[in-house]
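Here is a short briefing to read alongside the model. Take a look at the structure first, and then we can walk through its charged pairs and a helix packing together.

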Amino acid sequence: MALPIRDQLKYWGIAGAVALVILWFTGDILLPFLIGAAIAYFLDPVADRLETLGLSRAMATAVITLLALLIFVLMALLVVPTLVNQAINLIEIAPELTRNFIDFLTDRFPTLLVEGSTLRTSITGIGATIQERGGELLNTALASAASLLNILLLFVIVPVVAVYLLLDWDRMVAQIDSLLPRDHAPVIRRLARDIDKTLASFIRGMGTVCLILGAYYAIALMLVGLQFGLVVGFIAGLVTFIPYLGAVLGGVLAIGLALFQFWGDWVSIGLVAAIFVLGQMLEGNFLTPKLVGNSVGLHPVWLILALSVFGSLFGFVGMLAAVPIAAALGVVARFATEQYRESVLYKGVDQTTLDERAD
């Protein structure tokens, strides 16, 4: 005999409250495990594909680990130092860029920026603020990374957790399935499949799209000769998960920098603009349909809200947990809507009776 709905809600509510309390008090401790679990989840399809090619799970995990280690070493030696240096340089020259922008507007629109005007003061203040706050933000981010993701955590705990979870992923899923309440196992499996589909589309699909577009923008802009091409490409790729924002933000930043660097060289400026137009075409017509699909089920506004709420409540750990929690809540909300549309509360007694007679 199944438990009454009231008792079920009570038990599941207690379980959810306990999970939130654990997340609140053990956020920093859980951080490496959440990162490792996210890496294992991201790479599980790759391990499954290698298994279909004849490798054992252990051998597939070993191959993925070696490739990931090689990529990490190359990134640490070649990309990360250049990225940090360009970001620091961009912050330092922000006031100079604003002064050049003011001179440019003054030469061509002398009545627009008279000395002491509100617009002139605002533009000057923006450059100083970027230099001051940008440096503080960068230093805070680096200090936080040094305090939270120390050498032991970064180079030992996260890889070890990811490798062990990747190795035992299928067994863990089977074990969790065996613990499901028998009365509700079919419904829970259905919801879990929908959540996994949403997460797979967003995390794996959009993650891959962000990596591809970020690399494309960075390499293309550096080939054109843009001074801060790597930083612009990184920023554009990082926010690509929000539709059009990556191309718009990266395009405005890149074209603005190109105007200062290549003023008069309209071919180079046109190439910078063309890079983002082509990137947007590739994303909309090929990358997103192929890697993500037409329906992700995770609205950008809902995602931003989840990131903001969980980030403010639980910090960086909350931001990591925001995407799966948002996906789960979205799936549960759609399921609840389906149940509501089939209930007497929505249809009414008369319509429900007619439906039962028709069946």
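Aspartate 177 and arginine 189 form a salt bridge, with their closest N and O atoms 2.6 Å apart (a side-chain nitrogen of Lys or Arg within 4 Å of a carboxyl oxygen of Asp or Glu). Aspartate 177 belongs to helix α6 and arginine 189 to helix α7 (residues 185–224), so the pair ties together parts 12 residues apart in sequence. Helices here are DSSP runs (H or I, at least four residues), numbered from the N terminus.

This is a predicted model, in which local features need pLDDT of at least 70 and side-chain atom pairs count only at pLDDT 80 or more, while totals for chains, interfaces and linings use all residues. Residues are numbered from 1 along each chain as its sequence is written, and side-chain values use heavy atoms, leaving out hydrogens and water.

**Salt bridges**
- The count comes to seven salt bridges.
- Arginine 57 pairs with aspartate 170 in a salt bridge, the closest N and O atoms being 3.5 Å apart.
- That pair links distant parts of the chain, with arginine 57 in helix α3 and aspartate 170 in helix α6, 113 residues apart.
- Asp44, Asp48, Glu51, Arg57 and Asp170 are linked in a network of salt bridges.

**Helix packing**
- Helix α8 (residues 229–238) packs with helix α9 (residues 245–261) at an angle of about 165°, their axes 7 Å apart (axes are lines fitted to C-alpha atoms over the stretch in contact, and angles run from 0 to 180 degrees between N-to-C directions).
- That makes α8 roughly antiparallel to α9 (an angle over 145 degrees).

How values were computed
Helix = DSSP H or I, 4+ residues; strand = E, 2+ residues; numbered from the N terminus. Parallel < 35°, antiparallel > 145°, perpendicular 65-115°, else oblique.
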